[in-house]
Amino acid sequence: RAMLDQYWIAETTRNTDLAKKLQQEEDKIDTFNTAISDYLSRIGEGMSREDTQWQFTLLAFSNELESVGDIVDKNLCDSIIKRAAELVIFNPTESEILKPVHEAVSRRLQVAVGFLSWRDTGSAREFLEGKEKFNEWCHQLEHEHFQRLKTREPSTLGSSAYFLDILNSFRRINSHISSIGYAFES
């Protein structure tokens, strides 16, 4: 979550140095994921069926978080760096649209991590419903963006592909973090 929040600071301040630092930090996530996977895969003897299921849940979620790190690195941080090099700036409408999307993804990530503590099936169902609502919202924002393109605003046209890539990256992050809900859905 810290990486996602730091990305947003880099995004709003157009700080390419911070974006590059985050890309280097993603290597640590890869290392942590490998260490967690190695540790969890060595455990097994004498485990109950429930413990084995929990082991697989933790392995899967660790992998999903690593995928989120990859998206922040390769999509979101790359976008900051490329837009700076190309002198592409989002218009105020695009920036204002992305802010609540980032906030929603960040909140959903916090809830997903919370499932590791609560393991509540009722909340898991609600969390999974939130995945679909988030995706529908992103599709609506995409549609509204295409409507704005019809106005042929130069700033919208020049940044459209980047805007859509970021929106899609947030949607992909949401899908990865939503996977934890499936482990607790009954």
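Which residues line the second largest pocket?

**Before selecting anything**

This is a predicted model, in which local features need pLDDT of at least 70, side-chain atom pairs count only at pLDDT 80 or more, and totals for chains, interfaces and linings use all residues. Residues are numbered from 1 along each chain as its sequence is written, and side-chain values use heavy atoms, with hydrogens and water left out.

Colour the chain by pLDDT (the predictor's confidence in each residue, from 0 to 100). The chain has a mean of 89, and 95% of its residues reach 70 or more. Where pLDDT is low, the predicted coordinates should not be read in detail.

**Whole chain**

Show the cartoon. The secondary structure comes to 6 helices and 0 strands, running α-α-α-α-α-α from the N terminus on. Helices (H or I, at least four residues) and strands (E, at least two) are DSSP runs, numbered from the N terminus. Along the principal axes, the C-alpha atoms fill a box of roughly 65 × 35 × 20 Å.

Select H1 and H2. They pack at an angle of about 165°, with their axes 9 Å apart; axes are lines fitted to C-alpha atoms, for helices over the stretch in contact, and angles run from 0 to 180 degrees between N-to-C directions. H1 and H2 are therefore roughly antiparallel to each other (angles over 145 degrees count as roughly antiparallel, under 35 as roughly parallel, 65 to 115 as roughly perpendicular and the rest as oblique). H1 passes H2 in a left-handed crossing, one where the near helix is turned anticlockwise from the far one by less than a right angle; clockwise would be right-handed.

Now select H2 (residues 16-42) with H3 (residues 49-86). Their packing angle is about 165°, and their axes lie 9 Å apart. H2 passes H3 in a left-handed crossing. The residues of this contact divide into 12 nonpolar, 9 polar and 7 charged. In these classes Ala, Val, Leu, Ile, Met, Phe, Trp, Tyr, Cys and Pro count as nonpolar, Asp, Glu, Lys and Arg as charged, and the others, Gly among them, as polar.

**Largest pocket**

Select Arg1, Ile29, Ser62, Leu65 and Glu66, which lie nearest the centre of the largest pocket among its 18 lining residues. On a 1 Å grid over the protein atoms alone, a pocket is an open set of points with protein on both sides within 12 Å along at least five of seven lines, a cavity is a set where a 1.4 Å probe fits but cannot get out, and lining residues have an atom within 4 Å of a point. The volume of this pocket is about 360 Å³, a volume being the space filled by probe spheres set on the points, with grid points joined across faces, edges and corners. H1, H2, H3 and helix H4 (92-118) each supply at least two lining residues, and H3 gives the most, with 8. By class, the lining has 13 nonpolar, 3 polar and 2 charged residues.

**Second largest pocket**

Next select Trp8, Glu11, Thr12, Arg14, Arg83, Val88, Ile89, Phe90, Ser95, Glu96, Leu98 and Lys99, the lining of the second largest pocket. About 190 Å³ of space lies here. H4 gives the most to this lining, with 4 residues. The lining divides into 5 nonpolar, 2 polar and 5 charged residues.

**The cavity**

Finish with Arg14, Ile80, Arg83, Ala84, Leu87, Val88 and Ile89, which line the largest cavity. Its volume is about 50 Å³, and a search of the whole structure finds 1 cavity of 30 Å³ or more. The lining of the largest cavity has 5 nonpolar, no polar and 2 charged residues.
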